[in-house]
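Subject: Structure for your review

Dear colleague,

Please find below a structure that I am passing on to you. I would be grateful if you could look through it together with the notes that accompany it.

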Amino acid sequence: MSEHDDHPDEHDHPHAYTSTYVLDGEPITWVFHDHDGDWRVLGETEVTSDDEGVVTHIEDLLKLDPGLAELMTLPIGHAAERAGVGAAWEIGEQSEDDEFDGDRAWTTQPVLDGEPVIWIFHDEDGEFQFFGETEIDLDDARVVELAVLVERDTTLPDLATIPIGHAAERETPTSPWTIAPFEPEDEEE
């Protein structure tokens, strides 16, 4: 039993943003437990296009590199970096300003492949989520620069009109948008 097995819930978010390069075997050299409590786990290759960023389970990354287990207690707002596999991790605090160069948005691979956006949510963290008609699947989740989605689709509403905690929705890609407070469906019914 590892030292982390007796603390299975040490991290609140079991998912991590990573790259296709890491999933294809590139060594993990940077881990960040961001100010939202989410994890970013990357290698040396910079993510430069929509389809290179992937959201996966943190457990899948631990299988790829068991050495990550020692970082599961990394405090929020801290990053760990190393020169390569087997090298010591250097841990330091990272400011919120260093997290992303621009605004980020959550979406799905079908949307990036051209499926029209029919639902937009402005979440409590101030981030936007863009979805099409395809049922949401974690394996299809992607994080991209917000500008990428806005520039692609001129039919999207002005995002400034969607307050935090609200969603914009349309029936079809040519229907008008309606904006209303988001009320999650009660899953216990």
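The notes below concern the salt bridges found in this structure. Please bear in mind that the model is predicted.

By way of background, side chains of opposite charge can pair when their charged atoms come close. In this model, the count comes to three salt bridges.

One of them joins arginine 40 to aspartate 34, with the closest N and O atoms 3.0 Å apart. Arginine 40 and aspartate 34 are both buried.

Another salt bridge is formed by arginine 82 and aspartate 65, whose closest N and O atoms lie 2.3 Å apart. This pair links distant parts of the chain, 17 residues apart. Arginine 82 belongs to the loop between strand 5 (78-81) and strand 6 (90-93), while aspartate 65 belongs to the loop between helix 2 (58-64) and strand 5. Both arginine 82 and aspartate 65 are buried.

There is also a salt bridge between the side chains of aspartate 153 and arginine 170, at 3.6 Å from N to O. Aspartate 153 sits in the loop between helix 4 (146-152) and strand 11 (166-169), and arginine 170 in the loop between strand 11 and strand 12 (178-181), so this pair ties together parts that are 17 residues apart in sequence. Aspartate 153 has a relative accessible area of 17% and is therefore buried, as buried means under 20%. Arginine 170, with a relative accessible area of 4%, is likewise buried.

Yours sincerely,
A colleague

Definitions and conventions. Residues are numbered from 1 along each chain as its sequence is written. This is a predicted model: local features need pLDDT of at least 70, side-chain atom pairs count only at pLDDT 80 or more; totals for chains, interfaces and linings use all residues. Side-chain values use heavy atoms; hydrogens and water are left out. A salt bridge is a side-chain nitrogen of Lys or Arg within 4 Å of a carboxyl oxygen of Asp or Glu. Buried means under 20% relative accessible area, exposed over 50%, partly exposed in between (1.4 Å probe, protein chains only). Helices (H or I, at least four residues) and strands (E, at least two) are DSSP runs, numbered from the N terminus.
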